[in-house]
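Hello,

Here is the structure for you to look over. My notes on what turned up follow below it.

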Amino acid sequence: MASDEDDVKEGLIEVYRRRLRELIVVDRVLDHLHFLKCDQKELIRQKARTDGNIAATDLLITAVLKKPHTPGWFRAFVDALEHSGCKHAAKYLQINPPEPEVEAENDYCVKLIQLLSPSLVEMQTDEVCLHCFSKGLISQEDSDLIKSRTANKGPQCGARELLRCIVRASTGWFSTFLDILHKTGHQDLYELTGGPPDSDKNGADEKLPSPMDESTGSAAAATGSCDSPQFMDISTSEEPEADLYEAVSTGPRQLPHSLDTPQPEAAPGGPETADIVLRDYQKDVARPALEGENIIICLPTGSGKTRVAVYITKKHLDRRRTEGHSGKVVVLVNKVPLVEQHYSAEFLPYLKPSYKVERVSGDCQLKISFTEIVKNNDVIICTAQILENFLERSNKGEDEGVKLSDLTLIVIDECHHTQKGEVYNHIMMRYLMQKHKNSRLKKEQKKPVPLPQILGLTASPGVGAATMMKKAEDHILRICANLDASKIMTKSLGEHKREPRKVVETVEDRKEDPFGDVIKNIMNAIHAHAELNPTSDLGSQNYEQWVVQKERIAATEENQKVRVCAEHLRQYSEGLNLSNTIRMRDAFSFLNKYYDEELKKKATPDDEQNIQITDTERFLFNLFKEKKEELQKLADNPLYENDSLSKLRSKVLREFSSREAARGIIFTKTRRSAIALSQWIQENPKFADVGVKASHMIGGGDQSVVKPMTAAEQRDVLTKFRDGDVNLLIATTVAEEGLDIAACNFVIRYGLVTNEIAMIQAQGRGRAEDSSYTLVEVKNSGVAEKECVNEFRINMMNKAIDKIRALDQADYDKRILEFQIQAIMEEKVRMTKNKKKKMQNEKCEVKFSCRSCSKPVCTGEDIRIIENMHRVNVTPEFSQLFIKRENTTLQERLLDYETNYFIACKDCGLRWGSMMIYRGIECPCLHVKNFVVTFNGKKIGKCTKWSELAINFPAFDYAEHASRLADKSDDEDTY
């Protein structure tokens, strides 16, 4: 019976699928739909971001209809529609759906609004929005979104969002909207949409006409043209979708202009039929690339470099198509979030449907290989490492590879990273070596191998380690040589240039710092115990480097006493830094958590195995235990808080109190400080009183002990920041470079100064009118001095670029060729060394011992590699040496493997790695940083990554190992 009822309900949804596609707002419905799994929801949200709301709604309906159904699924779906504001959609699934005549009239009204939208967007958006909300045409969420669009992108953009929202309202919305236009003084728009002239003479109670009753005027025009696509479009280059129902997603489907100031609107039809509009300075820097030259475009953050790249890409593909050739463009980025950003916000909207655009990153779960993606698409946006991997496959003669000759244009974002050791440089070195070979082939009158055009994008090439102008020129010329650039193009932004006001907030040392004094006393006691004599101030950067060096040397020499003490000193040094940067209670919480974790390592889950605690470890545990209560008491005393935090509080409160719509970013040094500052702001009611809505954003790498942010989490924070749900972002350097962060009116660097490139990137975030750039000092950071150095370096860089641009082309080409030949020779020497090293290492014996207790663990013969990435040891002997614990901080599930546990030394409790479940088989995965490694009896001082160990491990033989396990299981069953 229940099955029959489900069939009826499924049929009802299918009957009205087309209507539901038009009326459902996917993001909002998903928030109220609890019977779908989280991964299903994320997939649908991703579909909305990339392909639009209608495509995502189709996917949502398919997911809802998928069997088996949970009890009450249909009612839950209808309730979700109701609670998310999609009440009109909910009506279709209830007892009394709208009559066909009512549906037809509603469709007619929607088409009329679409036709007249170019005029309707001139309305007074804020006033009309207020009346629409009071009349129930739009929800509170709609109203907030419209206000956000109006504030950030202007009243016309807000008006377009308003029109999209009202056409989803319940039956009768059109006459209500007409009445609102009339009451708000929009007489011309009122008459244009069907209201009678001088209607105020007709009496207040006279019924407003239905558009279906009109046979002349604008309605008649609509009748003849509603089905024509060019009249269906209400969007400009900002809003790519041609359908009012479609353009609901608040994600990156919008097309932001290259700067925040208005640009000419695109022709009807949106980006599919309109040319990309560039400013004069953008056209100037693009000109050589349009003629087929390799160039670097150097423009400030927020000046529209990516838009210029899209324009060049389109012209490149158009030209090749006209010439009867196919084009193949690869856009390279150095961060995973940039893949989705460039795909959704720039390349896809402007190049679709003329060209096929796809994106690939480490986050993508691809069904086909990268090689097939390159073959089947015109534009591919990917992380540079993916292209490098497949270029290497082709170099080895594998089928699944990609050649440089397959491509016609490579766009390199943040191209200042094209230097030694960087993946960009590995790709370009292949290019330069082939170019060098081509010169020889031409001399031999042989056909050269075709190479792609190169386009580099950067806000600042920097000056490297240069302290003199000549060295700065060499640094920039070397980047130009690595990219084979015939020119470096830069241009003054003229009237579009926005220079933020710069302020430096100096701080005073604490008059009293009892919390810091206690930590320093603990550190001095450890120094005495380990017989260490530091040569710099405790907590300083030099001290931290000294401690790291001591720990590394001690591990190599198997001096466990000094190694353990140095590790604990690192934590106390971090605690000192935290107390100087954020609250003392955050510093105490960090230290307390560290010692709790260390104590847990000394106990097995079932208490069956006693893990040895050395005298040094007992001394360190007792030392913290004795001072713990005193530290906690001092941490809760606000009298001793640092002055930096006070300066930051005052600055943020001042910005939000003096601006109507403040939006800012605070850059800080560590992930831990970013999270702690965000919590501090959220917990302080003074910030909430002035409208601060804070969130943090940190990196996605796993180098830190702090749990990283996933790419999806980063995108979510950036979307909220863009839409105004968050107006203060506390970020590490991950937000400095590349990411499309909405224009801010203040930027604060809190105790963080790196190099001149990062300084330019950070300043570029404050590109709204009357923006400010503030540097807040933090004790031991030396930021004020570093900032002065960076200003000098930026000035030197600009002069160096000017001198390079002033060079005669023949002189420029000569210097570039010299740098290229030098780079090629250095690469050949490096490759020769690597070959010798590889041959030698294949003969060497490699041994691993526990970094903590020096117990021999295994040899290189025991290790196998899975998917060219994970080093595992599946020998029976190794399984007797470790214990297994649940990993609560990292639970990773991918297509073929998952990691839910970590493995630790049975004797000392040091973590050795994680337990992988690879296609149903447990495989202990080793992290080399936890071991002391020796070759032929010689210890390797630094070996923290497997890539630093030049040895090729054989691939893990799944079939052989699975067979051995099966045989073992059969033998056990026999008994």
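**Surface patch and aromatic contacts**

Ile821 is found in helix 34, which covers residues 809-843. Keep in mind that this is a predicted model. Ile821 is partly exposed, because its relative accessible area of 39% falls between the 20% and 50% cut-offs. Together with Leu817 and Met825, Ile821 makes up a nonpolar patch on the surface. The accessible area of the three comes to about 270 Å².

Next, the rings. Searching the whole structure gives 18 aromatic pairs. One of them is Tyr543 with Trp546, a tilted pair with 5.5 Å between centres and 40° between planes. Both residues belong to helix 24 (residues 541-556). They are three residues apart, about one turn of the helix. Are Tyr543 and Trp546 buried or exposed? Tyr543 is buried, at 0% relative accessibility. Trp546 is buried as well, at 12%, because buried means under 20%.

Phe656 and Phe746 pair edge-to-face.

Last, charges over rings. Arg393 has its charged end over the ring of Phe390, 4.4 Å from the centre. Arg919 lies over the face of Tyr958, 4.1 Å from the ring centre.

Best wishes

Note on methods
Residues are numbered from 1 along each chain as its sequence is written. This is a predicted model: local features need pLDDT of at least 70, side-chain atom pairs count only at pLDDT 80 or more; totals for chains, interfaces and linings use all residues. Side-chain values use heavy atoms; hydrogens and water are left out. Patches are made of residues with over 30% relative accessible area and no salt bridge: like charges are joined within 9 Å, nonpolar side chains (Val, Leu, Ile, Met, Phe, Trp, Tyr) within 5 Å. Accessible areas come from the Shrake-Rupley method with a 1.4 Å probe; for residues, only the protein chains shown count as cover. A salt bridge is a side-chain nitrogen of Lys or Arg within 4 Å of a carboxyl oxygen of Asp or Glu. Helices (H or I, at least four residues) and strands (E, at least two) are DSSP runs, numbered from the N terminus. Buried means under 20% relative accessible area, exposed over 50%, partly exposed in between (1.4 Å probe, protein chains only). Rings of Phe, Tyr and Trp (its six-membered ring) pair if their centres lie within 6.5 Å; planes under 30 degrees apart count as stacked, over 60 as edge-to-face and the rest as tilted. A charge sits over a ring if NZ of Lys or CZ of Arg is within 6 Å of the ring centre and within 35 degrees of the ring normal.
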